[in-house]
Amino acid sequence: MKKILQDSRGPLTAKRFFRFRQMLLLALSIGIVLISPYLQQQVVKAQSGLPSRVATGNLWQEASFPVENFETYTSAFGPRGGDFHYGLDMAAPEGSYIRNWWGGQIVEVWEDGRCGTGMVVRSGNWEHIYCHLRGRVLTANGGRYYTDSEGTVQIWQGQTVPAGARIARVGMTGRTSGPHLHWGLKYGGRWVDPALVLREMYAQQS
């Protein structure tokens, strides 16, 4: 004998079942929209909490600001246009020199359609990433290197560079609407907000 599902209002018909499902989906959608900003805030807090503690626990007297002829910050670390911006954008005239933030080793140089010409420097637990550089990445003698002949800069992957050394120039390679340096920072493999580190640098260097 066929069983009929019932509740306090009688049999649960197909029409009532689908109406209930539509209402449930609508409620879930509204809930996601309402909670989404809160979740984004938590992501930012989680990613910015560690670097603040790390920055205040180190001495930054020898660190270098990464851009000569700096003009302004054009995009901060955090949510941007439905995505997450893992760095700090620093506008400067095209061709302005970029200085190595902290002494370390060039662990990677590359070219792609998003970051453009870029490089990564490792300094202990820190990694600093530089994007949209003017110039090219070439291969010779089994190694890779970044070169900007007009700026007389040539940096080999694996090379050690001191803090403050000129390592590249501001360009417009990759996805960009104007000349700037996209500067990213990681500590122990986790992205951190470069603005927090710069703020602590200035506090200790002044």
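A residue is called buried when its relative accessible area is under 20%, exposed when it is over 50%, and partly exposed in between (1.4 Å probe, protein chains only). By this scale Arg 169 is buried, with a relative accessible area of 10%. The structure is a predicted model, in which local features need pLDDT of at least 70 and side-chain atom pairs count only at pLDDT 80 or more, while totals for chains, interfaces and linings use all residues. Residues are numbered from 1 along each chain as its sequence is written, and side-chain values use heavy atoms, with hydrogens and water left out.

Nine of them are found in the structure, a salt bridge being a side-chain nitrogen of Lys or Arg within 4 Å of a carboxyl oxygen of Asp or Glu. In one of these, Arg 169 pairs with Glu 150, and the closest N and O atoms are 3.7 Å apart. Because Arg 169 lies in strand 15 (residues 166–169) and Glu 150 in the loop between strand 12 and strand 13 (153–156), the pair ties together parts that are 19 residues apart in sequence. Strands (E, at least two residues) and helices (H or I, at least four) are DSSP runs, numbered from the N terminus. Glu 150 is exposed, at 62% relative accessible area.

Arg 169 and Glu 150 also belong to a network of salt bridges that links them with Arg 134 and Asp 148. Asp 148 is found in strand 12 (residues 143–148) and is buried, with a relative accessible area of 5%. Apart from neighbours within four places in sequence, Asp 148 is in contact (heavy atoms within 4.5 Å) with Arg 134, Gly 135, Val 153 and Arg 169.

Another salt bridge joins Glu 68 to Arg 99, with 2.8 Å between the closest N and O atoms. Here distant parts of the chain are linked: Glu 68 is in the loop between helix 1 (14–56) and strand 3, and Arg 99 is in strand 7, 31 residues apart. Glu 68 is buried at 17% relative accessible area, whereas Arg 99 is partly exposed at 28%.

The aromatic residues come next. A pair of aromatic rings is described by the distance of the centres and the angle of the planes. Rings of Phe, Tyr and Trp (its six-membered ring) pair if their centres lie within 6.5 Å; planes under 30 degrees apart count as stacked, over 60 as edge-to-face and the rest as tilted. This rule gives 12 aromatic pairs. Among them, Phe 65 and Phe 70 are edge-to-face, at 5.3 Å centre to centre and 80° between the planes. Phe 65 is buried at 19% relative accessibility, and Phe 70 is partly exposed at 30%. Tyr 86 and Trp 191 form a tilted pair, with 5.3 Å between centres and 40° between the planes. Since Tyr 86 lies in the loop between strand 5 (83–85) and strand 6 (88–91) and Trp 191 in strand 17 (residues 190–192), this pair ties together parts that are 105 residues apart in sequence. One aromatic cluster is formed by Trp 101, Trp 102, Trp 126, Trp 183 and Tyr 187.

Finally, what is the relative accessibility of Asn 100? Asn 100 is buried, at 0%. Its place is in the loop between strand 7 (97–99) and strand 8 (104–112). Asn 100 and His 128 are 28 residues apart in sequence, and their C-alpha atoms are 8.7 Å apart in space.
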